[in-house]
Each structure stands twice: as C-alpha cells, then as structure tokens.
Amino acid sequence: LAVKNLALFLALAAWFEDHYDPGTPSSDGPGRRITESLDSVDADEDRICRPRLIATWQENPEQCCSRSEIRRLVERGLLELPAKYRIVVMLRDVEHLSTEDVARQLGLSVPAVKTRLLRGRLMLREWLAPYMTIGAKGVAS
Amino acid sequence: MITCEEFFAEFADYLENQVSPEVRQELELHLAQCRACHVLYDSSRKTIKIVSESASFELPQKVFDPIIDRVMSKLRTDRH
C-alpha cells in the first residue's frame with residue numbers, strides 16, 4: 001500500500017487512535033468524533049442520507065471559497081467522518097485506489113466498501129453544502 | 001418513472017459510472033424530473049471532485065513511515 005500524503009496519514013493515525021486507545025476518557029462535548037469499529041455491523045447503513053439543503057451548488061467551488069479555504073474545509077470534513085467511513089473515502093477518493101483494492105487492503109467485502117464509500121461521500125457532501133451552494137457566504141473567519 | 005428510493009438504490013453505482021445503459025437511461029429520466037435527486041447527484045459528484053482535487057499533501061517519507069508501519073502491522077495482526 002503506497003502511503004504518500006498527510007491526509008491519508010491523518011486518516012490512518014485517527015483510525016489507530018480510535019481503535020487502540022479505548023482507555024481515553026470519554027467526552028460528550030461538541031465535536032467529539034463518533035468512534036466505530038472498522039468491522040462493525042452496519043445496522044444503519046441502509047438509511048438514506050437525504051440532503052438537508054436542497055440548493056444547487058456552484059459549478060466551480062472557487063466561486064464560493066478560495067482554493068486554500070476549500071482544502072481546509074475538506075481536511076476538516078474528512079477528520080469529522082467516523083473512522084470507518086473516513087478510511088474508505090481516503091483510499092478511494094484521495095489515494096484513487098479501486099474499490100476492489102480498498103476492499104482487499106481493509107479486509108472488507110466489496111459491497112461493504114461501496115456502502116461505506118457512499119455514506120462517507122454523502123456525509124462530506126452535507127459538510128460542504130453550506131459553503132458550496134449558490135449565494136453561500138463562504139467560509140467564516 | 002422510477003421512484004426516489006429506486007434511484008437511490010442505484011446511486012452508488014451511478015456515481016461510479018457502473019450502471020448499464022438501460023439503468024442509466026432510467027436514472028437520467030428521474031433526474032430530469034426530480035429536483036431533490038438532481039441536487040443530491042450534482043452535489044455528490046462535485047463533492048467527489050473537490051475531495052479528489054483538494055486532499056493531497058506530500059510529506060517527507062521519513063516523518064511518517066514509522067507510524068504508518070506501526071498502524072499497518074497492527075491492522076495485519078488484528079485480522080489473525
């Protein structure tokens with residue numbers, strides 16, 4: 001597995017923390033990441049992740065935000081994802097591995113990868129939507 | 001015309017361009033008539049493009065290789 005970038009490194013490191021540091025005191029505060037096992041049964045994965053914001057996105061994201069703002073948004077969005085979705089999105093959309101290769105690397109079935117990929121992508125879509133719709137005010141400083 | 005649920009059942013494969021021409025035709029007919037699904041499809045496609053183009057930051061190999069090795073070896077042993 002070729003690991004060449006910071007984003008993937010962060011994904012793997014976060015996944016590692018989620019899984020191998022269960023002694024960390026839990027917190028109910030805002031922003032706490034949901035930790036889920038990479039192999040857990042996906043009881044809710046059939047639930048449709050409908051868009052909350054039915055508004056058309058700009059054709060070009062740079063009409064809303066600068067390139068560096070978009071990059072920061074994507075990084076933050078990826079880190080907000082539950083680990084089991086984040087790692088699949090990272091390997092497929094950032095590292096551009098095939099779905100089959102992602103499944104092989106993670107020891108998951110191809111259907112499981114497809115399901116997690118879709119959910120992860122839809123969660124990122126929700127994260128980006130407030131910034132990308134026509135008329136959005138851009139990233140608050 | 002297919003329903004939104006039927007559209008969504010094919011959505012993951014449609015985003016990956018892995019549907020048959022017949023299914024594609026049905027999905028595109030639905031998209032032409034359903035604004036919610038059209039927004040969902042359009043914004044999901046753009047999300048994938050944004051993520052693919054934005055998240056790539058090269059780091060010196062020696063900075064994170066040992067940690068990656070640790071994570072990957074843990075992943076491997078975890079499966080046994």
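By class, the lining of the largest pocket has eight charged, four nonpolar and three polar residues. Here Asp, Glu, Lys and Arg count as charged, Ala, Val, Leu, Ile, Met, Phe, Trp, Tyr, Cys and Pro as nonpolar, and the others, Gly among them, as polar. To get there, select A:Pro61, A:Glu62, B:Lys49, B:Ile50 and B:Glu53, which lie nearest the centre of the pocket among its 15 lining residues. Now colour α4 (35-54) of chain B and α2 (67-80) of chain A: each supplies at least two residues of the lining. The largest share, six residues, comes from α4(B). The space in this pocket is about 330 Å³, a volume filled by probe spheres set on grid points joined across faces, edges and corners. (A pocket is an open set of points on a 1 Å grid over the protein atoms alone where a 1.4 Å probe fits, with protein on both sides within 12 Å along at least five of seven lines; lining residues have an atom within 4 Å of a point.)

Before you click on: this is a predicted model, where local features need pLDDT of at least 70 and side-chain atom pairs count only at pLDDT 80 or more, while totals for chains, interfaces and linings use all residues. Residues are numbered from 1 along each chain as its sequence is written, chains are lettered from A and ligands numbered from 1 in the order in which they are written, and side-chain values use heavy atoms, with hydrogens and water left out.

Next, pick α4 (99-106) of chain A; helices are DSSP runs of H or I, at least four residues, numbered from the N terminus. Which of the residues of α4(A) are buried? Select A:Thr99, A:Val102, A:Ala103 and A:Leu106.

Step back to A:His96, in the loop between α3 (83-94) and α4 of chain A. A:His96 is not a glycine, yet has a positive phi of about 60 degrees.

Last stop: the cysteines of chain B. There are zero disulfides over all chains (a disulfide is a pair of cysteine sulfur atoms within 2.5 Å). From B:Cys4, the nearest cysteine sulfur is that of B:Cys34, 3.8 Å away.

Conventions
Buried < 20%, exposed > 50% of the residue type's maximum accessible area, 1.4 Å probe, protein only.
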